Amino acid sequence: MALSLSLQLCYYFGLMIIIFTSAAFLPDEINSKRIYTIFPKPVSRVQYLLGKLLGICFLAFSLLFVFAIIVIIFVRFTFNALPEETKNAGESFFQTINSYSINSFKRFRRDKEVGEIPAHSFEVSYRNITMEDFEGKISLKILASYIRQDHDRNVYFDIEIMDESAQTSIAKMQDVKVMDKKLFTFSLPSDLAAKNSKNINIKMKVSPQSQPFVGGVLIRKEDFHFRKKSEMIELNILKAFIVFAVQFILLGFVAVASSTRMSYYISALFSLTTFAAGSSANFLKEYLSDKSEKIDLKIIDANTLSYKTGHFMDQYLQGVCNLMPNFSRYDITSDVIDGISISNLRMLEVIAYYGLFILIYLILGSLMIWKREV
């Protein structure tokens, strides 16, 4: 709770500071006439925007580094204030869930491979793993689509672990209970590490016990963790704030780019709208997947006027969200709270993704300011 509260407060407080400060950069210099002392010099307008981008970078990393230290101290202080028996039970909180890199992740619906939609079975493969580092557990988060209301919000799976090199089964588990919408951890057979397999394939299928209740299960690649030895949570918190800083740099520069043609308040509002639309992308995607599932199962009639009107609005909103940076795609807040380690590869992926949008907004901002009379 302390980690969740402090992360959320720092995130949204930092977001407001960066957006409203960045939106004021250009209007303040125009209103104070300082900009007239800059452009007569051999400084191009692209260089001017790059200078603003560097200023946002300095502000974001400085601010969020201080926030990260505050969060770490606050979490440690809260933990040390607990009774001794509670501290002993919660010591594992400071070790993150560190997982092997997935080689391939496949979903099957009625024995046909599908994309990121609710499915009935899953195959996850790993290559070149070192079983000496294996923690003996799997952690995953699922989102189930139910076709009946009389269920206990648990889904049961049959699991088989294969040695791909020898094409043999090395472990089987029946009716493994997984809680819906929560990160759930279960232990694998204790002798699995002794098999010393380097390439393995994990097959999960919704068991007959859950099939009458569950129309499909959505598991994202990043929600499946074949666990190895953990890292300290402090390192994970610092990584999270680096991701926050890159997000804030993008949103700050969106405010700067839009302020080349808009007022201070409109550019700040546009940046906040960009954040809201980008943060809603995954929610909208899950909503549409659930809706498609209900149509497939004849729960919703797709021929009614109300459905067609709603479908048009859904497609319009999805189109708007697709044009925005998808902040929900790289929302690592829940991962940090759940104790999932953020890999270096994912960090690079996040930086590259947001870096691409920063470049796009740099080009757009340069075009908008190019012929502006200041």
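**Labels and their grounds**

Modeller: This is a predicted model. Ser99 stands opposite Arg227 in β12.

Colleague: What makes β1 and β12 count as a pair?

Modeller: They share two bridges, in the antiparallel sense. Pairing needs at least two bridges, so the label holds. Strand β12 covers residues 224–228.

Colleague: Which strands form the open sheet, and in what order?

Modeller: The order is β1-β12-β5-β9, with antiparallel pairing. β1 (98–99) and β9 (184–187) are the edge strands, because each pairs on one side only.

Colleague: Why is Ile69 called partly exposed?

Modeller: Its relative accessible area is 34%. Buried means under 20% and exposed means over 50%, so Ile69 falls in between.

Colleague: Which residues touch the most other members of the largest nonpolar core?

Modeller: Leu3, Ile237, Phe241, Leu250, Phe253, Val336 and Tyr354, out of 57 residues. Helix α4 gives the most to this core, with 16 residues. Another core, of 37 residues, lies apart from it; Phe122, Ile138, Ile159 and Phe226 are among its members.

Colleague: What does Phe253 touch, not counting residues up to four places away in sequence?

Modeller: Leu49, Leu53, Ile56, Ile358, Tyr361 and Leu362.

Technical notes
Residues numbered from 1 in each chain as written. Predicted model: local features only at pLDDT ≥ 70, side-chain atom pairs only at ≥ 80, totals over all residues. Heavy atoms only, no water. Helix = DSSP H or I, 4+ residues; strand = E, 2+ residues; numbered from the N terminus. Buried < 20%, exposed > 50% of the residue type's maximum accessible area, 1.4 Å probe, protein only. Core = buried A, V, L, I, M, F, W, Y, C linked by side-chain atoms within 4.5 Å. Contact = heavy atoms within 4.5 Å.
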